Amino acid sequence: MDTILILDFGSQTTQLIGRRIRDLGVYSEIVPGDAPLDDERLATVKGIILSGSPHSVSEPDAPVPDQRVYSLGIPVLGICYGLQRMVRDHGGQVEASSTREFGRSRQGFLTPHELFDGVPDRFVSWMSHGDSIRHLPDGSVMVAESEHGLPGCIAFRDRPLVGIQFHPEVTHCDHGDAILENFAVKICKARRQWTMQEYLKIEGDKVRAQVGSEPVLLLISGGVDSTVTAAMLLAELPPEQLHLMYIDTGLMRHGESDEVAEGLRALGARNLYLIDAEERFLARLSGVSDPEEKRNRIGDAFIEVQQEEVSRYITGDYFLAQGTLYTDLIESGRGVGTKAKVIKSHHNVRSPLVDAKRAAGRIVEPLAGLYKDEVRRLGKLLGVREEIVDRHPFPGPGLGVRILGEVTREKCDILRAVDHIYLTELRRRGLYDQIWQAFSVLLPIRSTGVTGDDRGYGYVAALRAVESRDGMTADVFPFPMNDLLEISAMITNRVKAVGRVVYDVSSKPPATIEWE
Ligand code: XMP
């Protein structure tokens, strides 16, 4: 398949480049920036992008690409560090600049270039760099200049090499998509061959070859990733070969466990083990109110229950399937170069079981080539219900971190009732899909209320709704006031234990999305 290869030098926006290219329908792959470019890898490569980097080209151990990259005849686009690398590798000069360009910055063209077809002569780009180009290498021309008079784009006359100082992959960069499309489709002539059908065909064959006829175990959380993994494995393997285990922690939302089971059965699941572990989890949480301690205890209980139950259902060797995504791989440093800075540790629950299976090379990760939005598309293609595919994120520890302070069965039931009304109303009012994540929180305080002639002393519930792209930052969802008032009244009318509802108006930062 026609591929745009992205050499990653560790920039936080490398993943966005990959996503934007795939959004065009063109297959992209991210590899370590210093990886050797062997002919086998290059066979389908139509274009190469050199990413940005937290490093400076003047550092002695700054990452360097395989120098063949410049003479293959394959078009190369350098972005930020990628441009500076290209300049430096061709004898140009890059220096720390006294003008640090950060954020939105205007670009103006000096020479026409195909990369900017359809882009106005002046446009607003997005930049983040401290170093600048001082001398252009021989054979190159300046195509665009920033409002500070610094090189914004340079191109080589006799080779298909072009570099830009700004980041077209960032949403704040105007015409960024058009620039990437010009590169991938017009300049590289990559065909738009990337579809979920194609992915299913390629990965389905790989999974079958990997597992043969051995049993495969998948732990289901009820979230999008594990459900789509199940759907894909059920589509690709005989259903008897797949063992699905769902641990009901008692910290799930209203009706969630039944929905998960029903959804999996509808997809053809046969060996489905539903483990009711509510008592074990609640016993572990009794008397504990520190959030980190709660997280640890929930994690430990997961491992304990997992180990006990797996050995009851599966004997002999087996593969363990996981819903790892492309982003998880890259962020955990498994998919990137040695010089990349690991941004955050792997999100999937680590456990002795996972570690042992990984060490033995017996992990199956059928979604590891996909971004989240692609997983949703794949899920729809495989017939996973839209309510599941388009679900908001739900944290592993579940209601355990949404009941502030000690977690009890009674409080779980109260929060479940509140959350059910909230989420049902969001869907009914067409608001759910406008929100990135919505949930309610039960506060560890009570407040005075009045009903008729009676004074009450009820719990306080907080409603949260945020807009976000990836959960790293978040804005408060501007809730329509009438809806908020009506939903709040429904909650206090129907859930007797709750006497007061508040709406959380904090963005992230400084607050986090969850309260604990
Ligand atoms: P915060 O609260 O850190 O949340 O702003 C960012 C995103 O991460 C989710 N989150 C978790 N997910 N285990 C998870 O699997 C956790 O312990 C956890 N804590 C937060 C949160 O729901 C949001 O989507």
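**A walk from helix α6 to the chain's last prolines**

Helix α6 is mostly covered, with 12 of its 13 residues buried. Here buried means under 20% relative accessible area, exposed means over 50%, and partly exposed is in between (1.4 Å probe, protein chains only). Helices (H or I, at least four residues) and strands (E, at least two) are DSSP runs, numbered from the N terminus. The model is predicted, so local features need pLDDT of at least 70 and side-chain atom pairs count only at pLDDT 80 or more, while totals for chains, interfaces and linings use all residues. Residues are numbered from 1 along each chain as its sequence is written, and side-chain values use heavy atoms, with hydrogens and water left out.

Helix α6 covers residues 224-236. From its first C-alpha to its last, α6 reaches 18 Å, close to the expected 18 Å; the expected span is 1.5 Å times one less than the number of residues. The buried residues of α6 include Val224, Asp225, Met232, Leu233, Leu234 and Glu236.

The loop between α6 and β11 (242-248) holds Gln241. Gln241 has a relative accessible area of 10%, so Gln241 is buried. Leaving aside neighbours within four places in sequence, Gln241 is in contact (heavy atoms within 4.5 Å) with Val211, Gly212, Ser213, Glu214, Pro215 and Val216. Gly212 is 29 residues away from Gln241 along the chain, and their C-alpha atoms are separated by 9.8 Å.

The domain assignment of the protein gives domain 1 (3-187), domain 2 (196-388) and domain 3 (403-503). Such bounds come from an automatic or database domain assignment. The C-alpha centres of domain 2 and domain 3 lie 29 Å apart. Where these two meet, the contact takes 15 residues from domain 2 and 13 residues from domain 3.

Next comes the interior. A nonpolar core is a set of buried Ala, Val, Leu, Ile, Met, Phe, Trp, Tyr and Cys residues joined through side-chain atoms within 4.5 Å. The largest one has 50 residues, and those with the most contacts inside it are Tyr422, Leu426, Leu463, Phe479 and Val498. Helix α14 (residues 409-428) gives the most to this core, with 8 residues. The core draws at least three residues from each of domain 2 and domain 3. Not counting residues up to four places away in sequence, Leu426 touches Leu431, Tyr432, Ile435, Ala438, Phe479 and Ile487. A second, separate core has 37 residues, among them Ile4, Cys173, Ala368 and Tyr371.

Aromatic rings are the next topic. A pair of aromatic rings is described by the distance of the centres and the angle of the planes. Rings of Phe, Tyr and Trp (its six-membered ring) pair if their centres lie within 6.5 Å; planes under 30 degrees apart count as stacked, over 60 as edge-to-face and the rest as tilted. A search of the whole structure finds 15 aromatic pairs. One of them joins Phe109 and Phe116, which form a tilted pair at 4.5 Å centre to centre with 50° between the planes. Phe109 is partly exposed, at 22% relative accessible area, while Phe116 counts as buried at 6%. The rings of Phe123 and Phe166 have their centres 5.6 Å apart and their planes at 80°, so this pair is edge-to-face. Phe123 lies in strand β6 (residues 122-135) and Phe166 in the loop between β9 (161-164) and α4 (176-187), so the pair links distant parts of the chain, 43 residues apart. Both Phe123 and Phe166 are buried. Ring pairs link Phe109, Phe116, Phe123 and Phe166 into a cluster.

Charged side chains also meet rings. A charge sits over a ring if NZ of Lys or CZ of Arg is within 6 Å of the ring centre and within 35 degrees of the ring normal. Lys357 lies over the face of Tyr318, at 3.8 Å from the ring centre. The charged end of Arg427 sits over the ring of Tyr432, 3.9 Å from its centre.

The backbone comes last. Most residues other than glycine have a negative phi, and most peptide bonds are trans. Cys80, in the loop between β4 (76-79) and α3 (81-89), has a positive phi near 55°. Cys80 counts as buried at 8% relative accessibility. Lys189 has a positive phi of about 60° and lies in the loop between α4 and α5 (196-211). Lys189 is exposed, with a relative accessible area of 58%. In the segment after β18 (498-503) lies Pro509, joined to Lys508 by a cis peptide bond with omega about -15°. The peptide bond from Pro509 to Pro510 is cis as well, with omega near 5°.
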